[in-house]
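Dear colleague,

I am passing on the structure below, followed by notes on what was found in it. Please read the notes with the coordinates open beside them.

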Amino acid sequence: MQNRHTATDRFVVSRDKEAATHLSPGLFPAGRQSEWSAQNRTLIFSIHPLSNKTALAVGGKKTRESLSNDTLTFDQDQRVHICGISTESDSRLAFINDTHAVFVALQQLMEEAGADDSTASAVGIKGLVKMSVLYREAMQRQSRVLADIADPNEFIKEEAETFRAIHAVWHLLEIIYLTTNTPGLSTSIVPHFMEWLNANFLAPLAEDAHRIAGGSPTADDLARNELLWPYLKKLALRGHVSVLGNMLERLAPSQLLSASAARWARSLSQLCRKMPLSSSDETAGSFNSRWRQWNEELRGHATAIGCLLGDAGEKDGGAGGDKDKALEALFAISEVMRGDLDAIAAEGEMWQDIMGATLLYSEPTARADRLPALVGAIIEQFEESAFTELDRALVALLNHDLAEFLVHCDHIDHWLSAHISDLMDHISVLDICRRVFVVDPREHYLMALGESYLGHEDLWRVGLDYLGLCRTVAGALVMEEYVTRIPLDSDRKAEQVLRVCEVYTLECARDRIHRQLGRQKWQRGRLGAAIAHFAQVCDHDSIGLICDQIWNAYISSGELTYGPTIDGVMASSSLSEGSGSLLHHEGLQFLSKYRDFHELYAAGAFVEAGKVLLSILLCEIAPAYALGDLLVDSIPLLEGDTLVFSSEDTFELMRVAESLAQSQMRQSQQDGAIDCSEMNIFNVACTRNLARSFVMF
Amino acid sequence: SVSVLNESTCAVHSIAFAPEYIHLALAAASSDGRVRFYSPTDVIGLTNWTASGSIEFIPGGASDSDGPLCLSWCKSRFSTKSMIVIGGSKGNKVKVYQRDNVQQWDEIYQLDSYDAFVLDIDWAPSMGRSYHLIATACSDGHIRIYKFWPEPTHLSAELTDSLFIREGDEFDNEELGSAPHVEAGNGGYSDESDVDDDEDGEDASDEGSSDSDSDDDSDGSTSESGDDARPDRSGRAKGSGKKSKAKGDGGAGKAWVPRSELVGDLIVDPQVPIRRVRWNSTGTLLVSSSDDGVARMWKMSVNGTWREIAAITAEKSSAEA
């Protein structure tokens, strides 16, 4: 992987070879681009604020005035097409959601592990292994789901292939960087590599086994079966030594084999059973000596069979029948098993097979640092141009070339590059790549993945999490930018978006969203909800305006219907923290108290009603335009049979009336104007009440 | 219509509203080589707009035959002064202007000049990057992408002595690619943390510096010595005796000048005029359209190279009747 370039990067798109998607229906006939362009036409576009969708239309190049009047226009000129790179298919939804949960858990785990240094590494590796396994289980589930689809189309087949690749790559990374580093487990990579090989590249063996060994064939049936020897060789390559031993044992009694072939088959079968297996109790030295012993026996076998073949070749002069074939195959198998690299290379079809057999039979205790040397020698024998992206990714990983590895992972799938770079970061192997790339790969891939989910109606929340859990400045800013663009289709969705803002402390976004929701609900007449939103951002002015609107509605209709609204607002404000200040908002207090006044009056509790009315006036919470109405409301109480207002109270009322009259004279405003006749009635009522109150008190 | 602005006597090629962080303003580029700015006197009614400054992009004027003029505002909310990039007309130059006070715009940098008409230009939202991205579309079939570092903010002047600038570094040295990270203030939270908080600005400065780390476009050697100069948790920088090339604060060394780098030259072959380029809302996707009726989408790879990820053509497919 070369270091970051310093020269300008030039990239040429060859229009003739470009694989473009065609608009349907198209805007001009095939091959007539230059004609279309010469008719003052070009393509214009506008990008969707949230997803990568683009609106396309025909645009002109010259001003209309400079065109002649008889310029033709076509129907296509008036169409707008909306296009976009396809978002995730529904078949992946469950997988995306499952792995998102694992991702979030992994971030939390690493944060907690990081906080406590003493247990960091111990918790870290085991935790990472656990998480890695959870990811793989999700991949396996998805693979099963895809396999279960009856009559799969091309897309499903590609998806199945992709998930196999994703699993293979992930599993190998887990083995190299996690499993072999787990305290308590052997550090040899060989058994894990064989497990990986057999788990991810299984197909041929499974089919063959059924075709050959299924149905309990006799020894002769086995010997007659042409597929037998290739199958047995594959068993050897893949390390299925006990199965190989059993098969040879079953084959040996066959009459179709020569005596020597039968003898060597039995002998080899016994050797298979004696193959040393490493255990974590054993020291490396002890295992190595057992291995050498076994290897020597195999070498003896191979040499003996080789001699026999040589003799037979001389005698028959090349007219070998089945007997020779069996012996040749036995020779090949023993050569493979004693670790002869040429034999392994000759028998292996895939480079992975050769790699596995080389590790298993020639370096059974190899550690991960031996991999680059081995894989280099093996890959030379293959045509690299025929490699798939999966092959390239695996080879790069075995070479410990992690930057190259990541690039190929991205070619396989964007989900893979994002999550694997995250895992690599937690394993602390990503720093090497950071020096190679221009940008932080983890941030780059996670952000790309997150952005791709934002336009999806079910995945936007997942997308926002990926942006937020980047834990970088850019990720947070991008997230804040996008969170205000999520369409707030329903109350529930709005709540979810606000929850995201809370979790990631996006204060600006939260502010904007509350204000937007407040305005929306205000326009729709949901005044209580609007007030609640404005209270969250302490927008007292807007609340005041809404209160004015409520009051004006009451005045024009004459019916006080806002009671439940106010109750709802006050109730919700006492529950939520942010809007505690609601209780102190003058406009709301005024409306609330005025409603109480109405209720008391309607219930006939005139004295209490009067007290409430007076307190409204004394606390000065009533807006100026409402004062006149309040004074008019006091008239029936002043005139009523019961004495409601004492002399002081009456003086207060008169004082309010006086200041109202003065301010009206000063400003010659009509707000809260109380017309002369009402003023006169009020004054008379006050005087009468005063007279009464002096007498009674 | 609410209002008609007719100060310009020539064709108006490009208009753009200022970003919402700046007060409401409209820039209009016309083929006489001038860019005029308008602001409304009444922000609610919007019926009355007045001219509030102009830029004479082509001294001596120009005409329609000299080619169109295009412009794009800088959308970053962290820049201390408003900036606008203008390109096209006579000379086919692309220049960045900065506003000093309400009506005065000064040219601060010439990004490039071409042999072909500049048909469109777009300034990407900065989104935490320590540099700006500007894309130009030309009639020669090239889309060019520039990184641009304008003047640093006051905060970065504080950090000048500390981060990643080593003694003996040439100012134009690629290694000094870390120098713009000092302007993490341009894009990051470090701008939001007060200068006064420098002593305690843990989270913000850390995020700023970790962004610098990850965005480091120098090779390994810088990171190694960068380890020594990395600020400690308190946000204050450890000097360890590093001399600084000061940022115009009158100290030792040269004053900062804006600089740019052409990071991507995307060529459509055979040549066809590229009419329009636009960044998406986070500057991670670039879309272009050209006279061949093809809209192309471009994304930056992890290597910093820009590659086409999709193309949509308006041409009917051969399968279509």
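In this predicted model, the side chains of Arg512(A) and Glu20(B) form a salt bridge, with an N to O distance of 3.5 Å. The rule finds six salt bridges across the interface of chain A and chain B, and across that interface there are also 31 residue pairs in polar contact, where both residues have a pLDDT of 80 or more.

On the side of chain A that touches chain B, the elements giving two or more residues include β1 (9-14), β3 (41-47), β4 (54-60) and α20 (441-454) of chain A, while α22(A) gives the most, with seven residues. Sorted by class, that side of chain A has 33 nonpolar, 16 polar and 17 charged residues.

As for extent, 66 residues of chain A are in contact with 76 residues of chain B, and the area buried between the two chains is about 6,000 Å², of which carbon and sulfur atoms give 57%. Within chain A, the residues that lose the most area to chain B are Phe11(A), Arg15(A) and Phe45(A), which together make up 12% of what that side buries.

Strand pairing also crosses between the chains: β2(A) is joined by two bridges to strand β16 (residues 306-313) of chain B, and the two run parallel, with His22(A) standing opposite Thr313(B) in β16(B).

On confidence, chain A averages a pLDDT of 87, and 92% of its residues score at least 70. Over residues 1-5 of chain A pLDDT stays under 50.

Best regards

Note on methods. Residues are numbered from 1 along each chain as its sequence is written. Chains are lettered from A and ligands numbered from 1 in the order in which they are written. Side-chain values use heavy atoms; hydrogens and water are left out. pLDDT is the predictor's confidence in each residue, from 0 to 100. Contact means heavy atoms within 4.5 Å. Buried area is the accessible area (1.4 Å probe) that two parts lose on being put together, summed over both. A salt bridge is a side-chain nitrogen of Lys or Arg within 4 Å of a carboxyl oxygen of Asp or Glu. A polar contact is a pair of N or O atoms within 3.5 Å; within protein, one must be able to donate a hydrogen and the other to accept it, and residues adjacent in sequence count only if both atoms are side-chain atoms. Helices (H or I, at least four residues) and strands (E, at least two) are DSSP runs, numbered from the N terminus. Ala, Val, Leu, Ile, Met, Phe, Trp, Tyr, Cys and Pro count as nonpolar, Asp, Glu, Lys and Arg as charged, and the others, Gly among them, as polar. Two strands pair if DSSP finds at least two bridges between them.
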